[in-house]
Amino acid sequence: RQKDILLSNIQLCSNVFAFLERTGLPFMFTSSQLVAPDTAYGITKLMGEHMTTALNGTVVRFWNVYGWEEPGEKSHVITDLVLQGLQRSNIQLMTTGEEERQFIYIDDCVRNLHTIREQKMPGPIHLTNGRWMRIRELADLVAKRFQVSVVPGSADGYQNKIDPDASYSVVHPPTSINKVI
């Protein structure tokens, strides 16, 4: 499965970057803090970043962007926690909740993308709030808001704690996650 995803992504990148090279259009490549050579997703992001740099584009690395999204099978963690808080008497974590993530609110993300484009800032620029937060801490915030309890799971969660560089501090200050939830 990873091989098929990687081959498809390579073909997509090849076509898109060939077009960008031919046209000379300015562009921004949205990458991820998960850029790494250990998954098809990470390899694709790594390849895209290298191609973007070679073509003088701007690389922006998204961390965990949150805001309203339609709940579903592929919802992100905050949506899942809020949905449980609304529908149940407790929030059931799939893991112990000890794994940590950094987040950025969708409005901050959009505002920063606009600033990066307008000011022609060089990349890579990390879009995050710069604060590590345990998933359990996040669940506790949501649980308090909806007056429900949190039930941690027994499995350890995925932890890929790579600190962003200081580039996240050159854009607009982040909205506190406490104000949104």
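1. How far is the sulfur of C13 from the closest cysteine sulfur? Please keep in mind throughout that this is a predicted model. The closest cysteine sulfur to that of C13 belongs to C109 and lies 19 Å away, which is too far for a bond. A disulfide is a covalent bond between the sulfur atoms of two cysteines, and a pair is counted here when the two sulfur atoms are within 2.5 Å.

2. Three strands form an open sheet in the order β1-β2-β7, and their pairing is parallel. The edges are taken by β1 (28-32) and β7 (125-127), each of which has a single partner strand, so one side of each is left without a neighbour in the sheet. From one strand to the next, the twist averages 30°.

3. Within this sheet, β1 pairs with strand β2 (residues 58-62) in the parallel sense, over five bridges. As a particular example, S31 has R61 in β2 as its bridge partner. Helix α2 (residues 40-54) packs on the sheet, where it touches β1 and β2, and the direction of α2 makes about 150° with that of β1.

4. Helix α3 (residues 77-87) packs with helix α5 (residues 135-146) at an angle of about 35°, their axes being 9 Å apart, and the crossing of α3 and α5 is right-handed. On the α3 side the contact is made by V77, I78, L81, V82, G85 and L86, which meet I135, L138, A139, V142 and F146 of α5. The residues of this contact divide into ten nonpolar, one polar and no charged.

5. Where is T115 found? T115 is in helix α4 (residues 106-118), and T115 is buried, with a relative accessible area of 13%. Leaving aside residues up to four places away in sequence, T115 touches M121 and H172.

Definitions and conventions
Residues numbered from 1 in each chain as written. Predicted model: local features only at pLDDT ≥ 70, side-chain atom pairs only at ≥ 80, totals over all residues. Heavy atoms only, no water. Pairing = 2+ DSSP bridges. Helix = DSSP H or I, 4+ residues; strand = E, 2+ residues; numbered from the N terminus. Axes fitted to C-alpha atoms, helices over the stretch in contact; angles between N-to-C directions. Contact = heavy atoms within 4.5 Å. Left-handed = near helix turned anticlockwise from the far one by under 90°. Nonpolar A, V, L, I, M, F, W, Y, C, P; charged D, E, K, R; others polar. Buried < 20%, exposed > 50% of the residue type's maximum accessible area, 1.4 Å probe, protein only.
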